[in-house]
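Subject: Structure handover and findings

Dear colleague,

Please find the structure below for your own work. A summary of the findings comes after it.

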Amino acid sequence: MTMIQAINSAMDVMMARDPAMIVMGEDVGFFGGVFRATAGLQAKYGKTRVFDTPITECGIIGVAVGMGAYGLRPVPEIQFADYIYPALDQLVSEAARLRYRSAGEFTAPLTVRSPFGGGIFGGQTHSQSPEGIFTHVSGVKTVIPATPYDAKGLLIASIEDNDPVLFFEPKRIYNGPFDGHWDRPAQNWSKHPGGAVPEGYYRIELGKANIVRAGDAVTILAYGTMVHVCAAVVEDSGVDAEIIDLRTLVPLDIETIEASVKKTGRCMIVHEATRTGGFGAELSALVQERCFYHLEAPIARVTGFDTPYPHSLEWAYFPGPVRIGEALKTLMKDA
Amino acid sequence: MERCVASDHPRSNLQPLTLHVPEPRFRPGDEADFVAVEVPAAGLSRRPDTAEPAADFHDLSYGLIRVLDDANQAVGAWDPKLSPDLMRRMLRSMVLLRAFDERMFRAQRQGKTSFYMKATGEEAVAVAAAHALDYEDMCFPSYRQQGLLIARNWSLVDMMNQIYSNSADRLQGKQLPIMYSVREAGFFSISGNLTTQYPQAVGWAMASAAKGDTRIAAVWCGEGSTAEGDFHSACTFASVYRAPVIMNVVNNQWAISSFSGFAGAEATTFAARAIGYGIAGLRVDGNDALAVYAATQWAAERARTNQGPTLIEHFTYRAEGHSTSDDPSQYRSANEATAWPLGDPIKRLKDHLVACREWDEAAHAAQDRECAEQVKAAQKEAEKNGILGHGLHQPLDTLFDGVFEEMPWHLREQQAQMLAEETASGRPWDRKA
């Protein structure tokens, strides 16, 4: 399956299992979503369970919070993560705090799906990676898959989770893995092991990272599209790196990270999002606090620059093979 | 290259543009009179069929539905013809609410809690609505609808426990006083963020409809917070999906220090906002408990019969300060509340019952005393569980409960670190067993 098909399959499986689950968002109903993630669901489950909404993100999330309070399990879609900001108040002030402020009387068991990330010439408002805004908010979980197999298992676990989950889908790898070599032919998921996806129900527990490549020389922490870019760089570099796909940022699999860095003594963090205040800063602080006496070099961060996401200069902005490769060389210099 | 600029075009006769910044009619030191507020006589408004299309509500959105007339009689098509018993119950709820507000306001002034907000003058808006709804209908209140809980006979002690953030506080000391949450009484968790409950109520109502339930939702916000974007998105959703929801706007003329003009009241009514959304709009005398009851009952029937949402503007007046942190003498005329032409909601219902020979002054005075006693007794009971000034009443480590369903490692770690530091410091706070 492609990642889109895997996401579609996860929702199909969960809608069949749980009559309380509903899907809503802009263009998700009859049309099946601008990325086809909800294709066929309305025909199968009816208009009262899969429906189009007005173009109002604060309304979509606010309504979903109310549906959750009633007892439904809403899976709202925000068409692009770049457009999640009108819903920030409902996410941060309401969904994230409802359980806490009502001492468990009311909960917001929603899963907000949203395509995110760049690498598609999306320019400023179709490329952003706002995960760091949400990892800063107590009460929400943040999940980012890197393969179709993970996308389905993690989405099922997210929908079943009784806390609000932000499920960011790296749209650059919806149809195939992307190693950052934009000038090479596109790949598809059929040749990648992560593209093998079971038809039925399975779940991948939230808070568990995936060691994509075991190694002893350096630990690379990444998620989403960057997992594949890092894997390609490591392949070309010959460095025996351990690549960890974090899968969920909150809750974070700190044990896997800590064990790896203590083993390798070096750590590189890679994400597309802008650097300052990004999730990489939190990762860096955690590694520094926990692995200080094992570190043989300063922790390296390769991220998007602290600029809005540009259009024509995309491949200069994107943390691609050149930037990651040079950073890796620097990090390994005295090894 | 030659630029084409506006100044090339002849416009020499135009006056400079001016920016209109609304200003209330009266400020501190002014004598308030409300002759300019149009108050139509009671009983004039038509009462349409609940199936009437939303487009036909122009008159009711700009008018004022009133039942109780100047002679204390219930008149006109909107008279809900309530039994004397029900009217007496409503009156008692309003009296109890006012007594509760008085006592809790004083408790804040005595330093027993950090904060309080009264609903003085607005008692009818919440109390009459609560009596017109079914107990199973879900209410999404703002912070000034404590009357819903009181009318639903919720425990005053429980409400005070929350105000005191004491050891029996159902919200474990996590919420600012008056931000109640009582799921059992159909009272949704109050948020400090204004109007967020509006789309949530619509979502609850949509869920009820999608599940083929018969329950409806009701939601409240002030006129000031109709300016929030959430109000717009909620109205759009309610209209698009014909959600079974009653959307109440409590127009009490003031949003803290800003008069209703800053929410758009100079140009239109709040009920009239409904017209553009395709929602039935009613404008009601909010100090007339029978009118509030009748409008709510009508809207509930419209919602329950799948005819869709109703927006009700309750025209009333915030008789006291915004909160215990507010001093209204700094921004408005001192005599506004007494000059307000729609009077006092408690007095008006009382006078009606007296006029019907179903009540008398002596009974009313006795009820005032009883309610004051009931509140006082509840306060004594609640204070046994502690008041805010007396230190922390919840075990320290509960601070971390309920962020998530299950506590993730980073919160467990922070909790353990906090407890270790507190233990080391010797600070004598309780811990969970």
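The notes below cover aromatic rings in chain A and then a sheet in chain B.

This is a predicted model, in which local features need pLDDT of at least 70 and side-chain atom pairs count only at pLDDT 80 or more, while totals for chains, interfaces and linings use all residues. Residues are numbered from 1 along each chain as its sequence is written, chains are lettered from A and ligands numbered from 1 in the order in which they are written, and side-chain values use heavy atoms, with hydrogens and water left out.

Aromatic rings

Rings of Phe, Tyr and Trp (its six-membered ring) pair if their centres lie within 6.5 Å; planes under 30 degrees apart count as stacked, over 60 as edge-to-face and the rest as tilted. By this rule there are 31 aromatic pairs over all chains. F121(A) and W315(A) form an edge-to-face pair, because their ring centres are 6.1 Å apart and their planes stand at 90°. The two residues lie 194 residues apart: F121(A) is in the loop between strand 4 (111-116) and helix 6 (131-135) of chain A, and W315(A) is in helix 11 (residues 314-317) of chain A. Helices (H or I, at least four residues) and strands (E, at least two) are DSSP runs, numbered from the N terminus.

Ring pairs join F121(A) and W315(A) with F178(A), W182(A) and F318(A) in a cluster. F121(A) is partly exposed, at 41% relative accessibility (buried means under 20% relative accessible area, exposed over 50%, partly exposed in between; 1.4 Å probe, protein chains only). Y309(A) and Y317(A) form a tilted pair, with 4.4 Å between centres and 50° between planes. Y309(A) is buried at 5%, and Y317(A) is buried at 5%.

Charges over rings

A charge sits over a ring if NZ of Lys or CZ of Arg is within 6 Å of the ring centre and within 35 degrees of the ring normal. R17(A) places its charged end over the ring of Y201(A), 3.5 Å from the centre; for R36(A) over F31(A), the distance is 4.9 Å.

The sheet of chain B

Five strands of chain B make an open, parallel sheet in the order 1-2-3-7-6 (two strands pair if DSSP finds at least two bridges between them). Strand 1 (138-140) and strand 6 (280-285) of chain B are its edge strands. Strand 6 and strand 7 (residues 310-315) of chain B pair over six bridges, and R283(B) has E313(B) as its bridge partner in strand 7.

Yours sincerely
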